[in-house]
Amino acid sequence: MMKHKTLIDALEENGYLRRDEWIALLSESGQAESRYAAGKARKIAKRYFGNRIYIRGLIEFTSYCRNNCLYCGLRRDNTKARRYRLTQEEILDCCRRGYALGFRTFVLQGGEDAYVTDVRMERIIRRIKALYPDCALTLSLGEREEASYRRLYEAGADRYLLRHETADEVHYAMLHPPEMSAGHRKKCLWQLRDIGYQTGCGFMVGSPGQTAETLAEDMALIHELHPHMIGIGPFIPHRDTPFAGEKAGSVELTLFLLSLLRIMEKQVLLPATTALATLREDGRQLGILAGANVIMPNLSPAGVRDKYSLYDNKKHTGEEAAEGLEKLRRSMQTIGYETVSARGDWEER
């Protein structure tokens, strides 16, 4: 414990660890280290954000995807997937309902759908920003050309979330088809940051082939990129993918990593993800107590939520959905936090 406590202290002071230190910390730590890190993470989060938890309205607007990632239920070769696309009017209706509920950030997320052209996205972005100029708009549309990212930014998008999934090239190749590469994924992240987006990356915890060594690569990339947002959650298998029989990721390790990320990237916007709540009923609360400060309830129409099936048994009702906002507020109050309607932009504090 003493050795790893010293490493956690060093991370807080210096903002980084060497590769061998990350490997030691991530391969040898236990509950005592997790509790110690969580205590530090909560103090850091409260120093910068108080007890405020930012809410984002998630709109999953297309389940079509050109990619064939081995872990994802939306993968191209999954013929059992029920595909859908929301129209512009349906997306705007989600925003209308969300705005009335107090959301001031909308997150448009979808598979890499060829139908979602720059022209279509620009039209949607400009319309949302015209109707709700006080709201932030986050996109999560996967890998696109730099010119496309720039066009969407100039149309009014504020943030872009592109989870890198793993920074290790060999591990990346285990999770993705040959036409995809970790190098290109990272290139996209740097392009997004250079254009001016508030940029988010992230990874799955416990994906097949993941080791302390690959996680050390993730932490090194995040330290170098210094993102504004980081989205991590436990890997959960989907029955209609090649990884159907794989074991789900660890909630405990996910919480430990959330704490370490808060300690390293002190002002980052850090969600407690739906995947955590899928594996544990109190996953959202545990994520907040580990240092997270963002929750993304689902604003998508109720009739399509179960079709956006990234993994099995995904939560899309109760606290995870916009209708459960009051229940979510109460659950946060029980652990000493409050949800707020502010945009919650990243800012240097």
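User: Let's start with H5 and H6: how close do their axes come, and at what angle do they cross?
Analyst: The axes of helix H5 (residues 118-131) and helix H6 (residues 146-155) come within 9 Å, crossing at roughly 20°. Axes here are lines fitted to C-alpha atoms, for helices over the stretch in contact, with angles from 0 to 180 degrees between N-to-C directions. That makes H5 roughly parallel to H6 (angles under 35 degrees count as roughly parallel).

User: Is that crossing left-handed or right-handed?
Analyst: H5 and H6 cross in a right-handed way, meaning that the near helix is turned clockwise from the far one by less than a right angle.

User: And which residues make the contact?
Analyst: From H5 there are Asp118, Val119, Met121, Glu122, Ile125 and Arg126, and from H6 Ser148, Arg151, Leu152, Glu154 and Ala155. Contact means heavy atoms within 4.5 Å. By class, the H5 and H6 contact has five nonpolar, one polar and five charged residues. For the classes, Ala, Val, Leu, Ile, Met, Phe, Trp, Tyr, Cys and Pro are nonpolar, Asp, Glu, Lys and Arg are charged, and the others, Gly among them, are polar.

User: Good to know. What should I keep in mind about the model itself?
Analyst: This is a predicted model, where local features need pLDDT of at least 70 and side-chain atom pairs count only at pLDDT 80 or more, while totals for chains, interfaces and linings use all residues. Residues are numbered from 1 along each chain as its sequence is written, and side-chain values use heavy atoms, with hydrogens and water left out. Helices (H or I, at least four residues) and strands (E, at least two) are DSSP runs numbered from the N terminus.

User: Thanks! How do H9 and H10 cross?
Analyst: Helix H9 (residues 212-225) and H10 have axes that come within 11 Å and cross at roughly 30°. That makes H9 roughly parallel to H10, and the crossing is right-handed.

User: What meets what there?
Analyst: Leu215, Met219, Ile222 and His223 of H9 meet Leu253, Leu257, Leu260, Leu261 and Met264 of H10. This contact of H9 with H10 has eight nonpolar residues, one polar and no charged.

User: Switching to pockets: how much space is in the largest one?
Analyst: The largest pocket holds about 420 Å³ of space. On a 1 Å grid over the protein atoms alone, a pocket is an open set with protein on both sides within 12 Å along at least five of seven lines, a cavity is a set of points where a 1.4 Å probe fits but cannot get out, and lining residues have an atom within 4 Å of a point. Points are joined across faces, edges and corners, and a volume is the space filled by probe spheres set on them.

User: Who lines that pocket?
Analyst: It has 20 lining residues, with Ser34, Arg35, Glu252, Leu255 and Phe256 nearest the centre. H10 gives the largest share of this lining, six residues.

User: And how many cavities of 30 Å³ or more are there?
Analyst: There are three. The largest cavity contains about 860 Å³ of space. Its lining has 39 residues, and Gln109, Arg163, Glu165, Tyr308 and Leu310 lie nearest its centre. That lining divides into 21 nonpolar, ten polar and eight charged residues.

User: What about the second largest cavity's volume?
Analyst: The second largest cavity has about 110 Å³. Its lining includes Arg56, Thr138 and Arg159.

Terms used:
Angles under 35 degrees count as roughly parallel, over 145 as roughly antiparallel, 65 to 115 as roughly perpendicular and the rest as oblique.
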